[in-house]
Amino acid sequence: MESCVFVAAVLFFAVVGCLLDARSLHIQGFVPRQNPILSSSYVRPAACMAIDDINSKSVLPNYDLTMNISDSKVSFGATSPALSDRERFPKFFRTIPSEITGNSLRFAVMELFNWTRVATIHQTEEIFSMTNDNFRVMYNALFTDSMSNNTASKRDETNFIARSFTDDPSIPLQQIYDADIRIIHAWMYENKATVVLCEAIEKGLTTRNYLWIIPGWYTQGWWKTVKKDTNGKCTIKQIEEVLLYSLGVAYYSYPEDPNAHGISGHDNASFVAKYCKYLAAYMDLERANMSETCRSCSCLKPAAEYDPYLCYLNKHPYITLAYDALWALALALSAAEKNLTTNFPPLSLANFSYHNSIITDAIFSAFQQNNFIGVSGKVAFDSNGSRIGNTVLYQYRRDNVRGLYLETIAIQNILTNILTWKNTTPIIWKGEKEMRACE
């Protein structure tokens, strides 16, 4: 038996494999520990569903994929721009776009409404610092005239202010208030977002004259930890009032046509229905305190029934990305296997060794050439291994059934930069009547 490590990491799966017999190809997945955004509760059911679908369709006819999922102490953001650095991460792929991708959408909206005076505030984590740096470069390119460095710098301080914080955002928020800038772009993890918005209430930065644009990929109901995050300084109701009609920017993790059947055979409805059965089975394991001891997909089989509302509460955008990550891996391995048979002498994945660059290169090349329609839309990668994907503009809305929720307002095609507005969901400005942004 020879251990083998395949050359790609997709999303938050570190793809480590070994051949234990003639047909079993084992994949090891790692999920950051104590991270609600990348929680096993969302990821594992989708990943195991993908493994079963891949094997049932004989994508790798000479092998059966199996997978174990382990906790990881690493909680490095899957959207971090740093992961696009091929010198630091030469064999890394991800089925989620870089966080920087959302800046294109932010500027498309800014140009539409002529928002030239903006502020940014970000948590001092690499993922957000690099995104903010890119935002500053784009701002200077779009809104700063050709003038001397001194004049440009002075104008930049008047119309654009960027601030950061590690734990306490009070000083940077006060500086934004003093600058009298009303459009505020923010990047931070959700446990810090509650702290920032709570402090913003105290500073007077959350009235109808202000608009907050925050990450749209937070978990559902993320603000409900505000009492714990702020030591009781703010209530859930206060944060919900701040969030109402604010905007969120995220990757778009669904096909543009929800009725399209991708390579797996699923459209959006059939994917969600089947995923909910796997989720129900995983929740049964958690209730029986077996989720920690049963790490293999072999003990997670879909339940016969599920609670649709419970599935809605626990459904997360990462599930389609996790599912497509396994498909990207399987398709790359399948293509590599076919290409290796034409080698002289013929090779296969079973011949893998740490010193065999021919097989390593074949897998890497096949991964780079992936191009298919998945449950998260078209899956393809740029030269740095990042997903080429669309971005979405959300607005926080509220109704009597769902409470506070995210409404899709517009989708931007990352290749064409075209922003498509949803005609049935106009932007609503706080304190104003509805206004259709696309008119």
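This is a predicted model: local features need pLDDT of at least 70, side-chain atom pairs count only at pLDDT 80 or more; totals for chains, interfaces and linings use all residues.

Me: Is Asn-417 buried, partly exposed or exposed?
Reply: Residues are numbered from 1 along each chain as its sequence is written, and side-chain values use heavy atoms, with hydrogens and water left out. Buried means under 20% relative accessible area and exposed over 50%, with partly exposed in between (1.4 Å probe, protein chains only). Asn-417 has 44% relative accessibility, so the class is partly exposed.

Me: Which loop holds Asn-417, and what is the phi of this residue?
Reply: Helices (H or I, at least four residues) and strands (E, at least two) are DSSP runs, numbered from the N terminus. In those terms, Asn-417 sits in the loop between β15 and β16. Most residues other than glycine have a negative phi. Asn-417 is not a glycine, yet its phi is positive, at about 65 degrees.

Me: Which residue in β16 is the bridge partner of Ala-410?
Reply: Strands β15 (residues 403-412) and β16 run antiparallel and are joined by three bridges; two strands pair if DSSP finds at least two bridges between them. For Ala-410, the partner in β16 is Trp-421.

Me: Why is one side of β8 and of β16 left without a neighbour in the sheet?
Reply: The sheet is open and has eight strands with mixed pairing, in the order β8-β7-β9-β10-β11-β14-β15-β16. One side of β8 (160-165) and of β16 (419-421) has no neighbour because both stand at the edges, each with a single partner strand.

Me: At what angle does helix α2 run to β14?
Reply: Axes are lines fitted to C-alpha atoms, for helices over the stretch in contact (heavy atoms within 4.5 Å), and angles run from 0 to 180 degrees between N-to-C directions. Helix α2 (residues 101-113) lies across several strands, including β14 (391-399), and its angle to β14 is about 70 degrees.

Me: How many residues does the largest nonpolar core have?
Reply: A nonpolar core is a set of buried Ala, Val, Leu, Ile, Met, Phe, Trp, Tyr and Cys residues joined through side-chain atoms within 4.5 Å. Leu-393 is one of the residues with the most contacts inside the largest core, and Leu-393 touches Ala-410 and Trp-421, among others. The size of this core is 70 residues.

Notes:
Lists of a residue's contacts leave out its neighbours within four places in sequence.
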